[in-house]
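Work through the exercises below with the model open beside you, and compare each solution with your own reading.

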Amino acid sequence: MINLEFVINTLSLGSLYALLAVGLVLVYGILKLVNFAYGEYLMVAGYAIYLSAIVGAPWWATLIIAVAASMLVSFLTEIAAFRPVRTKSMDALLVTSFAVSIFLQNVVLLAVSPRARAVPLPDFFSKTVVIGGAVLPLRNLLIIATTAVVLALLSFLMKKTVLGMAMRAAADKFTTTRLMGVPANFVISAAFLISGFLAGVAGIFWVGRSGSVDPLTGAAPLLIAFIATVMGGMNSPIGAVVGGFVYGLLFNILSITLPASMISYRDAFMFAIVVLFLLFRPEGIIRRGYTEERVG
Amino acid sequence: MKRFAAVLSLVMVVALVLPGCSSNSGSDAAEGDTIIIGTALCQTGIQAPLDEPALRGAQLAVDVLNENGGILGKQVELRAMDGKSDPVTVGNVAKQLVDEGAAAIIAPSDFDFGGPASREAQSAGIVGLSPCASSPLYSSTALGDLQFTLSMWNTTMGAVTAEYAYNERGWDTVYVITDDFIDYTKSLSRYFIARFEELGGEVIFEDTYTQGQGDVSAQLARIKALDEQPDFIYISSYQPDLALMIRTLRESGVNQPVVGGDAYDDPSLFEALGTQYGNDVYYDTHGFLSDEANPGYSDFAAAYEAKFGSEPDAVWIMPGYDAVMTIAQAMEIAGTTEGAAVAKAMEENTFELFTGALEWSDAASGHEPNKAAAMVELIDAQPQFMGWVIPEKIPAP
């Protein structure tokens, strides 16, 4: 069963998960906040495509609007919800992120519908292609390519630009970074914008697979991103990328190797592996400077 | 910036609160002159896609009733409280509705979510009716002798498609994918398989999927690795992931017919599949939005559009409408709103509904609904009504 088709599908799944995980980790690195509203940024991207297609925007515009909407919502939630409680306890931040998540879900539920809405995506997304005997949708190849480009850009941004260096420094020792004259609000806003960008791009592919979006669309990608970061490592984007790919690979391997009678316990196996990670390697696959300090 | 944040928060709060005010479709008549029907349907959360259209149907039914003199000469008031897709909340709001004098309770369309409302109705001695709970657990055996579901059970729903595939189409082999997230999807597969194997069909493999997983590449790999390809694929799941599963299979060159149950009856599925993939999909459901399937549908649709400003968008509106009408008819027959008498009227009569003619068995045999299913085929993403079907044989629950 492990043929070229399976390999490409698993790679594309891993790419998508890696994108998800990096977006979550960027904010975690600086605020030490697991942003439980992160999944909702993907959902927002889905609804942005749905709404912009209704008003007749061409496909490329719907995609740009989707990413922009995701970034905007990420940016605004930071200003409106997280910033006021940032100096309070960790718990306050965490609870706030739950509140933002529930709030965003209910906004679309009331404003659009509790029922799923179809998201029109360009036809080439689901065009079937044949490569070396493997039959798969073109979208799966697009995810891999897009992820490679986005991660390369992100890597350049983090390593070669002042902003990136400021963000890395902030993730390591925030107080020291601020003493050096780096404005906290600016760095945090930038992190949320980039996180929103990644969520937007991932969101396009996430809703692209089912062609529909509903108010609870964000729950699954959030869980996946969370587990991937736990496995890969919470403290670096590289850990998140590794975690995303490992998650995708593990999941698919389990799915095809478990005997029929055990398949329904696949998730239990998956979570058992996560528990093992938490027990024996809580810092994840990629170890790095383990900092507890966060902005206050 | 602080000011901006404050304004933004205010706008967000207002946006959240405003639509919430309109949930009670009350009348001002004093109690005693009105009959209150309480609904604990879930207007928010995971159950909302099923319950929210049912609530709209119920609201429309109450309007129609009141225009025609109400029930037993009294006006009817529908009192809706949000069950919030939380079984405990559903039970609590049902209790509150009972305390406020509800003469009957309409419970959420699922055993797990609707059961608590029915239990409260039962202990208050009034009838509880779920518009669309299809689990055979939704019975007088599990919930009490005043409790009913308007839906066919999964036993019927599974048997209808099994017989269609085997008898009508001559499909002998099936690959089954079951969403193991909720009881509904699991029991539907179970009864489909029971009937299909009884007929002589062969289940090549029983695969699982979990709602929210978001990827079927493993299932896909297994199907493609089969020595002998199945005649069709039975997928027991629901939206939004159902669209993802069917699309992924089709995009990857798996072109066998796909068969399933009432969860397929969702406009978002048709749109998500589009004309490219919205073919060769068959399912059975509770009704069909056309005059052909339901004489009188046009009037219903016109009344609905007058009230809500848009055409009926989902078949799930009909069971909500039917639930109120069934309770109304039963109360008229019984000549009272008293629970035991109404339940007796429900057991002893046949109800002609938009979702098909309905008879219940007596309480001792579980209030099993005897109901026809509407068979539907998707052609170019458009549902086509194939006819009402009563299975030759229904598996034991």
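**Exercise 1.** Determine which residues of α3(B) meet which residues of α4(B), and describe how the two helices pack.

*Solution.* On α3(B), the residues B:P87, B:V90, B:G91, B:A94, B:K95 and B:V98 meet B:D112, B:F113, B:P116, B:A117, B:R119, B:E120 and B:A121 of α4(B), where contact means C-beta atoms, placed from the backbone, within 7 Å. These residues divide into eight nonpolar, one polar and four charged (nonpolar: Ala, Val, Leu, Ile, Met, Phe, Trp, Tyr, Cys and Pro; charged: Asp, Glu, Lys and Arg; the others, Gly among them, polar). Next, the geometry: helix α3 (residues 87-99) of chain B and helix α4 (residues 111-123) of chain B have axes 8 Å apart and an angle of about 30° between them, the axes being lines fitted to C-alpha atoms over the stretch in contact and the angles running from 0 to 180 degrees between N-to-C directions. That makes α3(B) roughly parallel to α4(B), a term for angles under 35 degrees.

The model is predicted, with local features needing pLDDT of at least 70 and side-chain atom pairs pLDDT 80 or more, whereas totals for chains, interfaces and linings use all residues. Residues are numbered from 1 along each chain as its sequence is written, and chains are lettered from A and ligands numbered from 1 in the order in which they are written.

**Exercise 2.** Work out how many residues each chain brings to the contact of chain A with chain B.

*Solution.* Chain A gives 40 residues and chain B gives 40 residues. On the side of chain A that touches chain B, α4(A) gives the most, with five residues. By class, that side of chain A has 23 nonpolar, twelve polar and five charged residues.

Note on methods: Helix = DSSP H or I, 4+ residues; strand = E, 2+ residues; numbered from the N terminus. Parallel < 35°, antiparallel > 145°, perpendicular 65-115°, else oblique.
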